[in-house]
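Hello,

Here is the structure I promised to pass on. Please have a look, and below you will find my notes on what turned up.

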Amino acid sequence: MNFWERILVEIESEFKNKERFLQHKHISVTICPSQKENTLNHLNHVRKKEYFLNEVLPKVRDSRVGEPILTEGYSQVTAQHCHYLQMMMENLDLKITDFDHISDIGGGYGNFYRIARLLGYKGNFDIADFPIMHEIQEYYIKQHNLDLPNFIGLRDLNPISKSILFGFCSIDEMPLSDRSILEKKYYLYDHVMILYQNKFDGFDNIEYFKNLKERMSKDFTVNLIQAPLRAGSAFFMASKI
């Protein structure tokens, strides 16, 4: 039994109580961490860029749905997602609104979808995740009166037009059987952006993503970039040639 197989049972049990659900023990540890220093570190880094200070952060302040713990109006997750968007702009020269189709692998509690819509994204949006996570995401998104994304499985990924696949600390936590499904799907996308931990549950992700880069380099320009705000982690960024 892997990490997620063990933890999903606890998450499903906790989510039966919707009150302050983002503070429940296993839910908070896995998809809504709340370390004030970490949140401030991300916020201060993002604020150095005028575009994010004036055009992004004011639009994506957290609501009280699920009662995430906030620092200066932002959850750690929102601060991190803004940093990921900053990394995308700096390294791929792209904004969230530049796409027609987004696929988010492991969508947490749905916050990245909320952010994308608040920033003006109007295209297709997939979230590929476990059933209980889809249940959490649906509840969270409905509480914000937003149209629902496409809740799908990995085998259903099939982007149209200008597309990107995101995987923030999700693909690196998958068993190889699921990663092999995605390895065939990457070639359907114009861009792929993954944040991975060097090691997870005993698995060496450094070697895995180095090999993935070599295999994809015939069709993509691929860069592995050390995560500036997350020790022992890196971004895998690929753009179709």
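Strands E8 (residues 220-226) and E9 (residues 233-240) run antiparallel and are joined by seven bridges; strands, like helices, are DSSP runs numbered from the N terminus, with at least two residues (E) for a strand and at least four (H or I) for a helix. Two strands count as paired if DSSP finds at least two bridges between them. Ile225 has Phe235 of E9 as its bridge partner. Six residues lie between the strands of this hairpin, where Gly232 takes a positive phi near 70°.

A word on the ground rules: this is a predicted model, numbered from 1 along each chain as its sequence is written, in which local features need pLDDT of at least 70 and side-chain atom pairs count only at pLDDT 80 or more, while totals for chains, interfaces and linings use all residues. Side-chain values use heavy atoms, with hydrogens and water left out.

Now to the nonpolar cores, meaning sets of buried Ala, Val, Leu, Ile, Met, Phe, Trp, Tyr and Cys residues joined through side-chain atoms within 4.5 Å. Buried is under 20% relative accessible area, exposed over 50%, and partly exposed in between (1.4 Å probe, protein chains only). The largest core has 53 residues, of which Met88, Ile136, Phe166 and Met193 touch the most other members. Helix H5 (residues 76-92) gives the most to this core, with eight residues. Apart from it lies another core of 24 residues, including Ile152, Ile181, Phe209 and Ala234.

Ile136 is in contact (heavy atoms within 4.5 Å) with Ile11, Phe15, Phe21, Ile27 and Tyr109, leaving aside neighbours within four places in sequence.

Ile152 sits in strand E3 (residues 150-152) and counts as buried at 16% relative accessibility. With neighbours within four places again set aside, Ile152 contacts Asp126, Ile127, Ala128, Asp129, His134 and Leu157. Its C-alpha is 9.2 Å from that of Pro131, 21 residues away in sequence.

In helix H8 (residues 176-185), the buried residues are Arg179, Ile181, Leu182, Glu183 and Lys185. They pack against strands E1 (101-105), E4 (163-168) and E7 (203-204), and against helix H9 (205-216).

Finally, the cysteines. Taking a disulfide as a pair of cysteine sulfur atoms within 2.5 Å, the count is zero. For Cys32, the nearest cysteine sulfur is that of Cys82, 14 Å away; Cys32 is buried, at 3% relative accessible area. For Cys169, the nearest cysteine sulfur is that of Cys32, 14 Å away, and Cys169 is buried at 17%.

Best wishes
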